[in-house]
Amino acid sequence: MPMGRFAFVFGAALPLALGSAALAEDVVIRIEAKRGAEAAQASAEAWGAQFPDVVTFPLSEGWVGIALGPMPREDAAARLDELKQQRKVPGDSFIATAEGRSFTPLNVTAAAEPANSAGNASTFPQDTAAAVTGDPASPAVAPEPVAEPEPAKFFLRLESSPNRAKAEEMLEKWRQTLPESGLWTLPNGRSAIAFGPMDEATGTAWLKAFKNAGAVPKDAFLSPAEDMGEVAIAGKTPELGAPPAPEAEPVSMPPLEDIQRALRWAGHYEGSIDGKDGPMTRAAIAAEIVRLRASPDTATAMAELIARRAAWRAEMGLAELQDSHTGLTLPAPMDKLQFERAERALSIYGPKDGSGAALILFSQPGGQQEMLDLAGLVTALGWVPSPERKVTRGAVTLDGQNQTHIGHAEARVIDGRVQGFVLIWPVSDPENQHRLAAEISDNLTRFAPGAGEAQPEVPAIAPADPPETPAPEPATPAN
C-alpha cells in the first residue's frame, strides 16, 4: 500500500484530547490482593504490623485489594519507590486511583481484650482463677507460659575481604540487589557481607533459589550466627517466604504458557508465549522467584505470580474488547476508554472521564514497507513521542514519552496484513502502562474480517457436462 494512503488516514484523524492525568488526585499503593474476605483480612493484619495506613477494598470476582493510603499521588510515588528499594512491599506493587472506591481502614486494635458482661475488658476469667487457686475470691493468676526454644539462626554469607574499605564498597554493591545485607567482622578479622538472619530450613531453600537465579556467588554458603563475629554495619531481617513443609502436598506447576504471560506482565520475560521450557523462560522464572520472594519453591512462586496478575487485571477492570471495524480482539481497560470513531483502517478510543488514556487499533493489507510507513506516521503525529524503534522482519515496536504521556505502538505483518495498536497512557503511571502494553501485545488476535474488507466470492459450480459451444472468457476481477 502506498504511503500516501496511510498519510490520508492518519492526517485526517482528529487530535486526541489526552491532556494530563490529574497529579493532585488521591491514590493508594496497592500491595496485594487476596481472594475471599478472610484471607484478605489475615493478610491485611499482617501488613498492619508494619504500616499504620493499611486499607482493604473490594475488587471483582471475589478479590479484595490491600493497599496503603489514600494519599496524594506525588507522595505515593516517592513512598512507593522508597518502599520498593527497602523491599518492604512486593516488587509488583503499584499506584491505583482512590476515586470511586470504598476503603475499609484496618483496625488491628478492634479485636483487643474480650469484654465482660459489664462491658469492661476482662483480663482473666473468674472460673479460671478459681481453678488455679482453688479460691473463687483469689485474684486471677495466669499460668507461666512455656517458652518455646528459639530456632537456630543462620546468615547467608555472600563475600568477604581482609580490607575493610573494600568490604564496605562491596556491601554497597550488594545492597543494590539484596538491600537487607549487612557487614560483619569475623573472628579471624576479615570483613564479610551477609544476608539474614533466617532459620536453617529457610536459609537452605533460599540459598539454592538464589544460586539458581545467579543472584549470589556459587561459593556463597549458610553460616551459623555464632560464627559471624561482630556486627560492623547492621543489615535488616529479610522477608522470605517459607519453604513448603515436608509433609505438605506439593503444589502443581502451572502451565508454562500462563507462567510466560505472568512473567511478561511482571516485566521479566521478553521471549515468545509458546509454552516451551527454554533458557529464557527458566532464567526469568529464577529471577522472578528472587524478586517476588513469595516462596523458594518454583510451583508455589509461579502460582502466586499468576494470582497477582489475575488480581491486577481485576483491579484495572480489563474487559475483552472486540472491535468489529478492525476485526481485532484484545483485553482493554474500558473504564478508562470510550469509543470515538472509526476511520478507514483505524478504530480510535479516547480518554474517558479525563483518564489520559487512549487506544488506537489498526488493520489493513500491507507488508514490511507499509508497516514502516505506519511507524513513521505514528511518530509524526506524536502518539509515541521521540520513540525508540525496534525493527525486525515483519514487526516493529515504538516506545517513547513526553511530559504528559507514554506512548507504545506495535505493528505486525500477519497473513499479508499490517495490524497492531497504539497505547497512550499518563506519564505518572509507568508500571501500569508497561503491564497493559504486555497484556495487549500477548492477547491481540484477529477474530473476524474488518468492516471494510471485501468478502471472498463463492466459486461457481461447474456443470456436469461441457457445453456444446466454448464458454466465454472469465471477467478480470476488479482490484
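Let me start with a term: buried means under 20% relative accessible area, exposed means over 50%, and partly exposed lies in between, with a 1.4 Å probe and protein chains only. Phe-339 is partly exposed, because its relative accessible area is 47%. Tyr-349 counts as buried, at 5%.

Now the ground rules. This is a predicted model, so local features need pLDDT of at least 70 and side-chain atom pairs count only at pLDDT 80 or more, while totals for chains, interfaces and linings use all residues. Residues are numbered from 1 along each chain as its sequence is written, and side-chain values use heavy atoms, with hydrogens and water left out.

Aromatics next. Rings of Phe, Tyr and Trp (its six-membered ring) pair if their centres lie within 6.5 Å; planes under 30 degrees apart count as stacked, over 60 as edge-to-face and the rest as tilted. By this rule there are seven aromatic pairs. Trp-47 and Phe-51 are stacked, because their ring centres are 6.2 Å apart and their planes stand at 25 degrees. Trp-47 and Phe-51 are both buried. Phe-339 and Tyr-349 are edge-to-face, because their centres are 5.3 Å apart and their planes stand at 70 degrees. That pair links distant parts of the chain, ten residues apart: Phe-339 is in strand β13 (residues 337–343) and Tyr-349 in strand β14 (residues 346–351). Helices (H or I, at least four residues) and strands (E, at least two) are DSSP runs, numbered from the N terminus. There is also one aromatic cluster, formed by Phe-195, Trp-206 and Phe-210.

On to the sheets. Two strands pair if DSSP finds at least two bridges between them. In general, strands of a sheet pair through backbone hydrogen bonds, either parallel or antiparallel.

Where do β13 and β14 sit in the order of their open sheet? The order is β13-β14-β15-β19-β18-β17-β16, seven strands with antiparallel pairing. The edge strands are β13 and β16 (388–392), and each pairs on one side only. Neighbouring strands here are turned by 10 degrees against each other on average, direction ignored. For such angles, axes are lines fitted to C-alpha atoms, for helices over the stretch in contact, and angles run from 0 to 180 degrees between N-to-C directions.

β14 and β15 pair in the antiparallel sense over four bridges. Ser-347 stands opposite Leu-361 in β15. The two strands form a hairpin with six residues between them, and Asp-353 in the turn has a positive phi of about 55 degrees. Strand β15 (residues 358–365) is mostly covered, with seven of its eight residues buried. Eight bridges then join β15 to β19, running antiparallel. Here Ser-363 stands opposite Gln-419. Further along, strand β17 (residues 395–401) and strand β18 (residues 405–414) run antiparallel and are joined by seven bridges. The bridge partner of Gly-400 in β18 is Gly-407.

One residue deserves a stop. Val-418 is in strand β19 (residues 417–426). Val-418 counts as buried, at 2% relative accessibility. Contact means heavy atoms within 4.5 Å. Leaving aside neighbours within four places in sequence, the contacts of Val-418 include Phe-362, Ser-363, Leu-374 and Val-413. Val-418 and Met-371 are 47 residues apart in sequence and 6.0 Å apart in space, C-alpha to C-alpha.

Now the five-stranded sheet. This open sheet has the order β9-β6-β8-β7-β10, with antiparallel pairing. Its edge strands are β9 (221–224) and β10 (230–233), each pairing on one side only. The twist averages 50 degrees from one strand to the next. Strand β6 (residues 154–161) and β9 pair in the antiparallel sense over four bridges. Arg-157 has Phe-221 in β9 as its bridge partner. Helix α5 (residues 164–174) packs on this sheet, touching β6, β7 (182–185), β8 (191–198) and β10. The direction of α5 makes about 125 degrees with that of β6. Helix α6 (residues 200–212) also packs on the sheet, touching β6, β8 and β9. The direction of α6 makes about 155 degrees with that of β9.

Last, a helix pair. The axes of helix α8 (residues 279–292) and helix α9 (residues 298–316) come within 10 Å and cross at roughly 75 degrees. α8 and α9 are therefore roughly perpendicular to each other, a label for angles of 65 to 115 degrees. The contact includes Ile-285 and Leu-292 of α8, and Met-302 and Leu-305 of α9.

Technical notes:
Parallel < 35°, antiparallel > 145°, perpendicular 65-115°, else oblique.
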